[in-house]
Amino acid sequence: QVQLVESGGGLVQAGGSLRLSCAASGRTFSNNAMGWFRQAPGKEREFVAAVRWSGGIILYADSVKGRFTISRDSAKNTLYLEMNSLKPEDTAVYYCAARTRLVVTGWTALSSAGFYDSWGQGTQVTVSS
């Protein structure tokens, strides 16, 4: 099992920036991929960005491409999400997710919530207009 703890959320004005962090602990050696999802009130959880932990694959949702940057620090077992040019529609609870089970069917499901088997508790991001 991997435990994930998000931090860095808060209230920011439109056009501002925030940096989210996700610290992983436990069986972190088995991490194959990590990602960020978000859920706004009354909406389903949606994919934001993901990265294969060993490198080579980074994926973004179209809605955040060019504004958000996902990165990882393997030495610290920490995932980051740098969010710039924030919009009110970015307001949501942001969740960190990890895939620890072996990936045998490829990486095409990297943007699907079902691909991941560990989740954090989430951190609130609120963007005011």
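This is a predicted model: local features need pLDDT of at least 70, side-chain atom pairs count only at pLDDT 80 or more; totals for chains, interfaces and linings use all residues.
# Notebook: strands, core and rings

Entry 1: I began at Asn 77, which lies in the loop between strand 7 and strand 8. I looked up the backbone angle of Asn 77 and found a positive phi of about 50°, although Asn 77 is not a glycine.

Entry 2: I found Ser 85 in the loop between strand 8 and strand 9.

Entry 3: Four of them form an open sheet in the order 1-3-8-7, with antiparallel pairing. Which strands stand at the edges? I found strand 1 and strand 7 there, each with a single partner strand, so one side of each has no neighbour in the sheet. On average, neighbouring strands of this sheet are turned by 15° against each other, direction ignored.

**Entry 4: walking across strand 3.** I then followed the pairings of strand 3. Strand 1 (residues 2–7) and strand 3 (residues 18–26) run antiparallel and are joined by six bridges. Leu 4 has Ala 24 as its bridge partner in strand 3, and the partner of Ser 7 there is Ser 21. Six bridges also join strand 3 to strand 8 (residues 78–83), again antiparallel. In strand 8, Tyr 80 stands opposite Ser 21. I noted Ser 21 as a handy landmark, with Ser 7 as its bridge partner and Tyr 80 opposite in strand 8.

**Entry 5: the two faces of strand 1.** Back on strand 1, I checked where the side chains point, and they alternate along the strand. Val 2, Leu 4 and Glu 6 point to one face and are buried.

**Entry 6: the core.** Which residues have the most contacts inside the largest nonpolar core? I wrote down Trp 36, Leu 79, Leu 81, Met 83 and Tyr 94, in a core of 37 residues. I also looked up which strands supply at least two residues each to this core; among them are strand 1, strand 3, strand 4 (33–39), strand 5 (46–52) and strand 9 (92–99). As background, nonpolar side chains tend to be buried together in soluble globular proteins.

**Entry 7: aromatic rings.** I searched the whole structure for aromatic pairs and got six. Phe 37 and Tyr 116 form one that is edge-to-face, with 5.5 Å centre to centre and 75° between the planes. This pair links distant parts of the chain: Phe 37 is in strand 4, and Tyr 116 is in the loop between strand 9 and strand 10 (118–119), 79 residues apart. Phe 37 and Tyr 116 are both buried. I followed the ring pairs onward and found that they link Phe 37, Phe 47, Trp 107, Phe 115, Tyr 116 and Trp 119 into a cluster.

**Entry 8: arginines over rings.** I looked for charges over these rings. Arg 45 lies over the face of Trp 119, 4.8 Å from the ring centre. For Trp 107, I found the charged end of Arg 52 over the ring, 5.2 Å from its centre.

**Entry 9: Ser 118.** I stopped at Ser 118, which lies in strand 10. Ser 118 is buried, with a relative accessible area of 4%. What does its side chain contact? I found a polar contact with the side chain of Asp 117, at 3.3 Å.

**Entry 10: Leu 102.** My last stop was Leu 102, in the loop between strand 9 and strand 10. Leu 102 is exposed, because its relative accessible area of 63% is over the 50% cut-off. I also checked Leu 102 against Gln 39: they are 63 residues apart in sequence and 26 Å apart in space, C-alpha to C-alpha.

Terms used
Residues are numbered from 1 along each chain as its sequence is written. Side-chain values use heavy atoms; hydrogens and water are left out. Two strands pair if DSSP finds at least two bridges between them. Helices (H or I, at least four residues) and strands (E, at least two) are DSSP runs, numbered from the N terminus. A nonpolar core is a set of buried Ala, Val, Leu, Ile, Met, Phe, Trp, Tyr and Cys residues joined through side-chain atoms within 4.5 Å. Buried means under 20% relative accessible area, exposed over 50%, partly exposed in between (1.4 Å probe, protein chains only). Axes are lines fitted to C-alpha atoms, for helices over the stretch in contact, and angles run from 0 to 180 degrees between N-to-C directions. Rings of Phe, Tyr and Trp (its six-membered ring) pair if their centres lie within 6.5 Å; planes under 30 degrees apart count as stacked, over 60 as edge-to-face and the rest as tilted. A charge sits over a ring if NZ of Lys or CZ of Arg is within 6 Å of the ring centre and within 35 degrees of the ring normal. A polar contact is a pair of N or O atoms within 3.5 Å; within protein, one must be able to donate a hydrogen and the other to accept it, and residues adjacent in sequence count only if both atoms are side-chain atoms.
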